[in-house]
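The sequence and the model are shown first.

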Amino acid sequence: MLCRVLAVTFFALAPPLTGAAMAQSAIAAAVAKPVSLPDIAIGSPKAPITITEYASMSCPHCAAFGENVFPMLRTKYIDTGKVRFVFREFPLDIKAAAASMLARCIAKDDSEKYLGAVDILFKQQDRLMDQTKDTLNFIGKLNGMSEQEVETCEKDQALLDKLAADQRYAVDALKVDSTPTFFVNGERLKGSMSFEELEERIKPLLKK
């Protein structure tokens, strides 16, 4: 109740937003809305910039971002408190959904563990697509899971339902229709980006 009152007071005192800024603000609020699964988030909750990535475990461009761009983003902006990074699943096929479910089971809501599993899944992407079950068992074993535990994870209908619900929300409310899709403080950016391209979006927001 108090938060709502404070928010109303804040908006009453804030200068009027332009149409574009208002639309972006509404998108930012929609992105920030809690979804069915706990968010995978790292970086300071007080960071001035929030980057939310929607990715599929079967998407080569997502894997390339994870390997080539994310480490630099983390070192320069996430670990220094300037960016909060949120990773959300947007599986493009059943193999990607199975991989996302495994990462969730490995992590048990630990964001660092989840991102570590995703890193391995991306590095094993070709194998994941060709030999899905064997690859899932292999990555599960690396993280201390038996084949039975991996199978139980993959048959978790409640987890799959939440994954599907969050994807529907992304499609309906956020207009996500491809991966990777990024939201940088509410601005939607579709497609893969180099670190330099992403940094161009970040730097002006740090000056505000």
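The model is a predicted one, and its chain is built with 10 helices and 5 strands. Of the 208 residues, 41% count as buried, while the chain exposes about 11,400 Å², of which carbon and sulfur atoms supply 58%. When contacts between residues at least 6 apart in sequence are considered, 75% of them join residues at least 24 apart.

The largest nonpolar core holds 51 residues, and those touching the most other members are Ile51, Met57, Leu73, Phe85, Phe87 and Leu198. The element that gives the most to this core is α4, with 10 residues. Which residues is phenylalanine 87 in contact with, once its neighbours within four places in sequence are left aside? They are Ile40, Glu53, Ala55, Met57, Tyr114, Leu115 and Val118.

The second largest pocket has a volume of about 260 Å³. Of the 16 residues that line this pocket, Lys133, Leu136, Val150, Glu151 and Glu154 are the closest to its centre. Helix α4 (94–107) supplies at least two residues of the lining, as do α7 (132–142) and α8 (147–154). The table divides the lining by residue class.

| Class in the lining of the second largest pocket | Count |
|---|---|
| Nonpolar | 7 residues |
| Polar | 3 residues |

How values were computed
Residues are numbered from 1 along each chain as its sequence is written. This is a predicted model: local features need pLDDT of at least 70, side-chain atom pairs count only at pLDDT 80 or more; totals for chains, interfaces and linings use all residues. Side-chain values use heavy atoms; hydrogens and water are left out. On a 1 Å grid over the protein atoms alone, a cavity is a set of points where a 1.4 Å probe fits but cannot get out, and a pocket is an open set with protein on both sides within 12 Å along at least five of seven lines; lining residues have an atom within 4 Å of a point. Grid points are joined across faces, edges and corners, and a volume is the space filled by probe spheres set on the points. Helices (H or I, at least four residues) and strands (E, at least two) are DSSP runs, numbered from the N terminus. Ala, Val, Leu, Ile, Met, Phe, Trp, Tyr, Cys and Pro count as nonpolar, Asp, Glu, Lys and Arg as charged, and the others, Gly among them, as polar. A nonpolar core is a set of buried Ala, Val, Leu, Ile, Met, Phe, Trp, Tyr and Cys residues joined through side-chain atoms within 4.5 Å. Buried means under 20% relative accessible area, exposed over 50%, partly exposed in between (1.4 Å probe, protein chains only). Contact means heavy atoms within 4.5 Å. Accessible areas come from the Shrake-Rupley method with a 1.4 Å probe; for residues, only the protein chains shown count as cover.
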